[in-house]
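Please find below a short note on the model under review.

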Amino acid sequence: MLPTIAREDDVVVMIDQRKLPAQETYVRCKTAAEVARAIKTMVIRGAPAIGVAAAMGIAIGMRKSSATGTQKFAAEFYRTCELMAATRPTAVNLFWAIERIKRSFAAGAEAGESVDQIKDRLDREAGTIHDEDVASCRAIGAFGAEIVPGDAGILTHCNAGALATAGYGTALGVIRGAVEAGKRVAVFADETRPFLQGARLTAWELVRDGIETTVITDNMSGSLMRQGKVNLVVVGADRIAANGDTANKIGTYGVAVLAREHQIPFYVAAPLSTIDLGAPDGSAIPIEERSAREVTHVGGSQVAATGALVWNPAFDVTPHHFIAGIITERGIFRPPYTQSLKRAFE
Ligand code: MRU
């Protein structure tokens, strides 16, 4: 399985996703600040993966703390959590993982554990978050395989694969699950401007797995659907509101509208850690805006006219009525999502 993120003693090691597929290099983060920077600068990206990175980053940060008293240690811990929370705003998995780590910390403090004991429990919790994410992706893959036709043309947007999770992937988990179930799958990977997660990362992962993959630029999907080459769309998610509205990589909304026009089922695959019942609908989801340079430049070369204004939202929201189902580790949830997603947590 692809080594997205791993812990080596007190170092968090990540494959550098900015450099793929040209170079397979690893970034070694020795401090919480280095992990936070890696999340911010997209060394690691993808909703579940940045949650895992934040948890591991806090754990190594606290492991290196020189505080001996619990009060000083607690102050440092909460500052480190804030540092992680300030990296990227949209993917709720990041905040979910930080909350989990905070709950573990609070349980240790309440039980009167020593600083060293709390350090150990933070390590264990971060490891559990990592391992549970892989297990969730595998379950998503098994449930999702059921909705994949025997001979399928599947369109996906961005990268919701092993690289975006602790391993196996969500949308790509469904594709892997279908292949493992013996289905014939041809994948169409949207290039995904401006960061090119589809062309660089999704295609790299799938080709490595021997799964037929065709890269298209983002403006080609309508034509492809019209030609009857796509019979299923599966994408990941960064945050799913209580009513099913789903934030995912910019461009997902357009794909959903096109899929509806061509009567192609549009599915979202995500673990429960991506569902935010505290957000009643998509309007409550904060959308990250990234630098203009991501749009004006491609591979270091300027492609947009100097002086042009730039808008670069990293995500959009697909309204729930475009979504045929949300594939999770607990099964596939169907509309009306306000009821079904609430039941998912019971
Ligand atoms: O900006 P990114 O690359 O972090 O955006 C990633 C996506 O939009 C993914 O589709 C989403 O996080 C799901 S990953 C399983």
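The points below concern a predicted model.

1. The largest nonpolar core holds 42 residues, of which Met 14, Val 35, Ile 39 and Met 84 touch the most other members. Two or more residues each are given to this core by β2 (11–15), α1 (32–40), α2 (47–63), α3 (70–85), α4 (92–110) and α5 (115–145). With 12 residues, α2 supplies the largest share.

2. Another core, of 26 residues, lies apart from the largest one; its members include Val 233, Ile 240, Ala 256 and Leu 341.

3. Beyond its neighbours within four places in sequence, Met 14 is in contact with several residues, among them Ile 5, Tyr 26, Val 27, Val 35, Ala 38, Ile 44 and Ala 53.

4. The bond between Arg 193 and Pro 194 is cis, with omega about 5°; Pro 194 sits in the loop between β5 (184–190) and α7 (197–208). A cis bond also joins Pro 335 and Pro 336, with omega about 0°, and Pro 336 is placed in the loop between β16 (331–333) and α11 (337–344).

5. Asp 9, although not a glycine, has a positive phi of about 50°. This residue lies in the loop between β1 (5–8) and β2. Asp 9 is exposed, its relative accessible area being 70%.

6. Tyr 168 likewise is not a glycine and has a positive phi, of about 80°. The loop between β4 (151–156) and α6 (171–180) contains Tyr 168. Is Tyr 168 buried or exposed? Tyr 168 is buried, because its relative accessible area is 5% and the cut-off for buried is under 20%.

Methods: Residues are numbered from 1 along each chain as its sequence is written. This is a predicted model: local features need pLDDT of at least 70, side-chain atom pairs count only at pLDDT 80 or more; totals for chains, interfaces and linings use all residues. Side-chain values use heavy atoms; hydrogens and water are left out. A nonpolar core is a set of buried Ala, Val, Leu, Ile, Met, Phe, Trp, Tyr and Cys residues joined through side-chain atoms within 4.5 Å. Buried means under 20% relative accessible area, exposed over 50%, partly exposed in between (1.4 Å probe, protein chains only). Helices (H or I, at least four residues) and strands (E, at least two) are DSSP runs, numbered from the N terminus. Contact means heavy atoms within 4.5 Å.
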